[in-house]
Amino acid sequence: MSLDPKKIREDFPELAIKVHGKDLVYLDNAASTLKCAPVIKEINKHYSLEAANIHRGVHFLSEQGTRKFEETRLAVQKFINAKHDHEIIFTKGTTDSINLVADCLARGILQAGDEILISTMEHHSNIVPWQMACERVGAKVVEIPVNDSGEIKLDEYRKLLSDKTRLVACAHISNALGTINPIKKMIELAHAHGALFLVDAAQSAAHMKINVEALNCDFMAFSSHKMFGPTGVGVLYGKEEILNKLPPYQGGGDMIDVVSFEKTTYNTLPHKFEAGTPHIAGVIAFKAAIDYITGLGIDNIYNYEHELLTYATEKISAIEGVRIVGTAKDKSAVISFVMDGAHPHDIGTLLDRQGIAVRTGHHCTQPLMKRMGVPATARASFTIYNTKEEVDALVAAIIKTKDFL
Ligand code: C6P
C-alpha cells in the first residue's frame, strides 16, 4: 500500500496556513514535525477534561491519567519491540535521554582511562554529554571518522574498538546529512569488545522500522516532537539488566521507595528514572502520534519518503551552482545543500519569503560541518505530508534565490 499524501495533509491543520501570503511548504521536519489532529485533540481533551497528577491519587482523574500514561509506555514498548514496558523511560527528549545515560554512567561505572566512541556526524547532544561525563572521571571521547560522502568509515571503527571502549554512541540517521548508519553491524562489533551501544534514533523513529530486540542495542533515545507528537516528551529505552545497574538520575517524587534522613531507597524501573511530575498531557498525546504512524505503516512511510528523496535529489542536483552535501548510498529524506556564492542563511531567508521553511546553519553538528568543509548548509527534510509538487516548488524557489543572489 502506498500513502495518500492528500488525505494525510488533512490531518495536519498547520498546513493550511499562509506564510508571507504564500502556501506553507514545510520542509523542516528533521527539526520538528507538524502535529497531527489526533495529537492536538488528545492534548486539548487532557487539559479540558482530564488534567490531574498521576501515580499518586486514588481518585478517578488520577487513576484515569495513570492508566493513559502507562498505555503510552505499552505503545512505545510495542512500537520499538522492547522486551519489557519498564525498559521504557519517559524523558524530555533525546537530549535528556542521552544526558541521563552519560550522567549515570559517570557515577561509578565509567572509569579513568575508559573510552567512549562517537562518530564525527553526531548531533551536539550526542557529543557534549559524553565530553562532560569523560571530563568528570578522566575517560576519553574518541571520534569515529566519516568519509567524503558522509558515511562512517567502518574499517576505522573496527580499529578504534578495544578493551578500553566502554560505550559507543551513534546516530541511526544523521540529522544534517541524512546518512543511514549500519548500526546493527556497529552494535555487533561493539559487543564483541564488551562495549555498550547507545542508538540516537531521533531521526529514525518516525521514518523506519525500529526493533531494539533485533538490533540488540543497550540504549536508544528519541523525541516525540519529531514524530508528529508533542514537544517536551522523549524516550530512553534501556535493557532491564543495564538500567538496574545504573544509579538514579535525578532525586525527587516518584523515584523513591522509602525516604528517611538515615537512608533513602529507590523505586523500581521505570520510576527510578522518572523523578517529579512528568509531561502528563504530552506523554498521553504521544500515544496518538504512535498510533498515527502505526496506522499508516512504517514501511509505507519509509517507501514514500524514499520516493520523495530520489525525486528531490535528482531535481536539486541538476541545479547549476548547487551542491548536495552528504551523498551516502543509504540515505533518509534529508537534503543538505550549499550554493556557490551564497550564505545558507540568505538562502533560508529568501526561501522563507516564498513560503518554504528549511533549516539553515550547522544543524548542531559543528564537527561534521568542519569535516565536510562547509561552515553551514541549507537543509530540506521531508516527511509523509510533503509532495512532489512541494519538491517542485522548492526547486523553483532555489533557482529564483540563486538568480537573485
Ligand atoms: N535535531 C535538527 O534540526 P531534541 O532536541 O532533544 O529533541 O533532539 C536532539 C537531537 C539529537 N540527535 C539528533 C540526531 C537530532 O537530530 C536531534 C535534534 C534537530 O536537526 C534540532 S537541533
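A salt bridge here is a side-chain nitrogen of Lys or Arg within 4 Å of a carboxyl oxygen of Asp or Glu. The legends below describe a predicted model, in which local features need pLDDT of at least 70 and side-chain atom pairs count only at pLDDT 80 or more, while totals for chains, interfaces and linings use all residues. Residues are numbered from 1 along each chain as its sequence is written, and side-chain values use heavy atoms, leaving out hydrogens and water.

**View 1. The two domains of the protein chain.** An automatic or database assignment sets the bounds: domain 1 covers 5-30 + 298-400, and domain 2 covers 40-295. Taken over C-alpha atoms, their centres lie 28 Å apart.

**View 2. Where the domains meet.** Here 35 residues of domain 1 are in contact with 31 residues of domain 2 (heavy atoms within 4.5 Å). About 2,700 Å² is buried between them, with carbon and sulfur atoms giving 59%; this is the accessible area (1.4 Å probe) lost on putting the two parts together, summed over both. On the domain 1 side, Ile-298, Leu-368 and Arg-371 lose the most area to domain 2, together 22% of what that side buries.

**View 3. A closer look at Arg-371.** Domain 1 and domain 2 share 2 salt bridges. Arg-371 forms a salt bridge with Asp-148, and their closest N and O atoms are 2.8 Å apart.

**View 4. Elements on the domain 1 side.** Helix H11 (298-317), strand E14 (334-339) and helix H13 (366-372) each give two or more residues to the side touching domain 2; helices (H or I, at least four residues) and strands (E, at least two) are DSSP runs, numbered from the N terminus. H13 gives the most, with 6 residues.
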